[in-house]
Amino acid sequence: GEYVLTVEADGYAPQHRHIKVGLESKEQDFCLKPGRKISNRVMDDRGQLVGGACVVLNRWHIHTDPHGFFHWSLEDPVPQQVAMKAYKRYSNQYEELETTVALSQLESQPIVLKNR
C-alpha cells in the first residue's frame, strides 16, 4: 500500500514523503534542512476542537486531525508573519477566518473559528 513517511530531528524541518510499500520497495534517502515544526490546533469560539478543518499558511495547506491538531514544517529562514486562512469545508457551522498572523502567535494560541 501507500503510506506517508515522516522523518524528524530537533532543529530541522521535518520531511514527508509518500511511499509505496511492496515487493519492489525502493530505499529512501532524506537530507533534512535546518528549520522546525510548528504544531497547533483549531477550535471554535465555544472551546470545542474542530477536526477536519482546512488550514492554509502561506501556500501550505493541511486538514486538522480528528482532535483539531495540525503540524507545519518550516525551513530556515523562518518567516516572522504568515498569511493564514482557516475554514471547515462542506460546513456552514463556522465563519471563514482569513488574516495575517505573527508566527509567535500561531505557535502560542489556537486558531479560533467563530460559530455562525
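A residue is called buried when its relative accessible area is under 20%, exposed when over 50%, and partly exposed in between (1.4 Å probe, protein chains only). The structure is a predicted model, in which local features need pLDDT of at least 70, side-chain atom pairs count only at pLDDT 80 or more, and totals for chains, interfaces and linings use all residues. Residues are numbered from 1 along each chain as its sequence is written, and side-chain values use heavy atoms, with hydrogens and water left out.

**View 1. The salt bridge between R36 and E107.** A salt bridge is a side-chain nitrogen of Lys or Arg within 4 Å of a carboxyl oxygen of Asp or Glu; here the N to O distance is 2.6 Å. R36 belongs to strand β3 and E107 to helix α1 (residues 103–108), so the pair ties together parts 71 residues apart in sequence. Helices (H or I, at least four residues) and strands (E, at least two) are DSSP runs, numbered from the N terminus. R36 counts as partly exposed because its relative accessibility is 32%.

**View 2. The salt bridge between K33 and E75.** The closest N and O atoms are 4.0 Å apart. K33 sits in the loop between β2 (15–20) and β3 (35–44), while E75 is in strand β6 (residues 69–75), 42 residues apart. K33 is partly exposed, at 45% relative accessibility.

**View 3. The salt bridge between E96 and K85.** In this pair, 3.8 Å separates the closest N and O atoms. E96 lies in the loop between β7 (81–88) and β8 (97–102) and K85 in strand β7, so parts 11 residues apart in sequence are tied together.
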